[in-house]
Structures are given as C-alpha cells and as structure tokens.
Amino acid sequence: MFGYYFDPTYLLVVIGALLCMWASSRVNSTYRKYSRVRCRSGMTGAEAAERILQMSGIRDVEVAHVAGELTDHYDPRNKVLRLSDSVYGSRSVAAIGVAAHECGHAVQHQKGYAPLKIRSALVPAANIGSKLGLPLVILGLVLGLDFALPGGGSFSLVQIGIWIFSLAVLFQIVTLPVEFNASGRALRMLGDYGIMNGDEVDDCKRVLGAAALTYVAAAASAILQLLRLILLSGRSRRDD
C-alpha cells in the first residue's frame with residue numbers, strides 16, 4: 001500500500017530542500033562567527049560601502065538602512081544600496097564583507113556587466129515561472145489537457161507548465177555568475193582600497209563563500225524540481 005502512494009520522484013524535492021537547509025545553516029554559522037571579529041579599520045558596513053563606491057567612481061548610489069537581518073541588496077532601478085540592521089552599523093569583518101558584496105553589484109551595474117543585465121531582464125518571467133509553473137503542471141496532470149496544433153500534433157498543459165517553470169530555473173542559473181563575480185569584486189576592492197588587511201580578506205572570503213553556497217543550493221534545488229516535473233510528464237504520457 002505504501003508503495004502505491006509513494007512517488008520516488010519526490011526524493012528530488014527532498015534532496016533540494018536538504019541542500020538549501022544545509023547551505024542556510026552554513027551561511028548563518030559562518031556569518032555569526034565572523035560577526036564577532038572586529039575589522040581593524042574600525043569602519044562600519046555603511047562607511048565601508050561609501051568608501052568603496054567613492055573610490056570606484058560611483059557617486060550617484062545612495063547607501064541606506066533597511067530593516068531585517070541579511071536583507072541587504074542593491075536596487076539598480078533606484079540606485080540605492082540597502083544594508084540591514086546587522087550590517088549597516090556593524091564594524092565586523094562579516095558585515096563589511098556583505099556591504100562590499102552589495103557594492104560589487106553596484107559596480108556591475110555601472111560597468112554594464114552582461115549577466116546582471118540578463119538577470120534583471122529575466123525577473124518578470126522568473127516571477128511568473130515560480131508562481132504559475134508548478135500549479136499548471138499539477139493541473140495538467142490532474143485534468144490531462146492537450147491542445148491541438150494547427151499543423152498537426154499537440155502539446156499539453158503539463159508541457160506549458162514545465163516551460164514556464166524553466167524560466168525560474170534559468171533565473172537561478174544566471175544568478176550564479178552574478179553573485180560569484182560580485183564577491184570577487186568585493187574581495188579585490190576591500191584589499192585594494194585599504195579597508196582590510198590580507199588575513200581579514202581571507203576571513204571575508206569565507207563569509208562570502210558560505211553565502212554563495214545558498215545560491216548554488218537554490219539553483220540545484222530548482223534544477224532537481226524541473227527534472228522531477230519532466231519525469232512526471234513522461235510518466236503521464238506513458239500512462240495515456
């Protein structure tokens with residue numbers, strides 16, 4: 001009876017969820033560790049961000065405070081770099097590393113970094129894909145709807161859902177080079193602009209490396225979910 005109800009493809013979802021949980025735990029523990037290490041420059045996250053922007057020739061980006069923990073982000077539309085409660089006024093290595101990472105996105109925007117442009121263009125489609133893709137697949141599996149093509153052949157609601165969900169997966173994949181590049185820029189700028197010494201940059205690298213794992217895990221989870229939908233679609237067609 002258990003075997004009848006057990007869907008082996010659901011293991012892909014479980015694996016993806018476990019990866020995300022592991023990555024989240026890793027970034028939280030690493031951030032907590034280095035949030036207790038004071039940067040020798042004595043700068044706060046906000047002050048470091050302002051110096052990086054100034055020395056990068058970016059004078060039209062505002063550094064602002066945003067509520068929450070690790071809610072830091074760069075808003076390219078309004079040209080605002082928003083730093084969270086745990087980063088804005090903190091003088092820790094971890095906080096300054098996060099602030100520098102967001103500055104890396106501002107530099108990407110200034111220089112017209114291609115993957116950032118692609119990711120920004122994908123945002124509307126990715127939002128649709130993440131909200132509608134899976135429901136359409138489930139609805140298609142339940143109803144078994146097929147649509148005839150004018151020249152012959154057909155396509156199903158399940159296939160439509162998979163293609164829409166693929167947009168969200170593509171967004172996660174494109175996010176990887178954007179985030180890794182921003183971290184690489186951050187580490188170079190922290191050293192070049194005299195904000196951190198060599199050993200502090202190494203500590204900061206560990207913080208940003210742990211943060212990068214969350215993006216890798218999210219992309220892997222999305223790919224595994226897409227693979228599951230494709231397997232379910234193939235099973236449905238065989239059953240028909």
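How do the residues of the lining of the largest pocket divide into nonpolar, polar and charged?

Modeller: They divide into 15 nonpolar, 8 polar and 6 charged. Bear in mind that this is a predicted model.

Start with the pocket itself. The volume of the largest pocket is about 900 Å³. Its lining has 29 residues, and D72, H73, E102, E179 and Y215 are the closest to the centre.

Take helix 8 next. It covers residues 198-239. Two of its residues are worth a look. D203 sits in helix 8. D203 has a relative accessible area of 17%. The cut-off for buried is under 20%, so D203 counts as buried. Leaving out residues up to four places away in sequence, D203 touches Y34 and V93.

I223 also lies in helix 8. Its relative accessible area is 41%, and I223 is therefore partly exposed. With residues up to four places away in sequence again left out, I223 touches V169 and I173. The C-alpha atoms of I223 and K79 are separated by 32 Å. Along the chain, I223 and K79 are 144 residues apart.

K79 itself lies in the loop between strand 2 and strand 3. Phi of K79 is near 55°, a positive value in a residue other than glycine. K79 counts as partly exposed, at 31% relative accessibility. L70 belongs to the loop between strand 1 and strand 2. Phi of L70 is near 55°, again positive in a residue other than glycine. L70 has a relative accessible area of 33%, so L70 is partly exposed.

Now helix 3, residues 45-55. Its buried residues include G45, A46 and A48. A49, I52 and L53 are buried in helix 3 as well. These residues lie on the same side of helix 3, because they cover an arc of only 160° around the axis. The general rule behind such patterns is that an α-helix has 3.6 residues a turn, so residues three or four places apart point the same way. What covers the buried residues of helix 3 includes strand 1 (62-65), strand 3 (80-83) and helix 4 (85-88). Helix 5 and helix 7 are also part of that cover. Just after helix 3 comes G57, with a positive phi of about 80°.

Finally, the whole protein. It has 8 helices and 5 strands. Along the sequence the pattern reads α-α-α-β-β-β-α-α-α-β-β-α-α. The C-alpha trace spans about 65 × 45 × 30 Å along its principal axes. Of the 240 residues, 43% count as buried. Take the contacts between residues at least 6 apart in sequence: 73% of them join residues at least 24 apart. The protein exposes about 12800 Å², and carbon and sulfur atoms supply 60% of that area.

How values were computed: Residues are numbered from 1 along each chain as its sequence is written. This is a predicted model: local features need pLDDT of at least 70, side-chain atom pairs count only at pLDDT 80 or more; totals for chains, interfaces and linings use all residues. Side-chain values use heavy atoms; hydrogens and water are left out. Helices (H or I, at least four residues) and strands (E, at least two) are DSSP runs, numbered from the N terminus. Buried means under 20% relative accessible area, exposed over 50%, partly exposed in between (1.4 Å probe, protein chains only). Contact means heavy atoms within 4.5 Å. On a 1 Å grid over the protein atoms alone, a cavity is a set of points where a 1.4 Å probe fits but cannot get out, and a pocket is an open set with protein on both sides within 12 Å along at least five of seven lines; lining residues have an atom within 4 Å of a point. Grid points are joined across faces, edges and corners, and a volume is the space filled by probe spheres set on the points. Ala, Val, Leu, Ile, Met, Phe, Trp, Tyr, Cys and Pro count as nonpolar, Asp, Glu, Lys and Arg as charged, and the others, Gly among them, as polar. Accessible areas come from the Shrake-Rupley method with a 1.4 Å probe; for residues, only the protein chains shown count as cover. The arc is that of the directions from the helix axis to the C-beta atoms.
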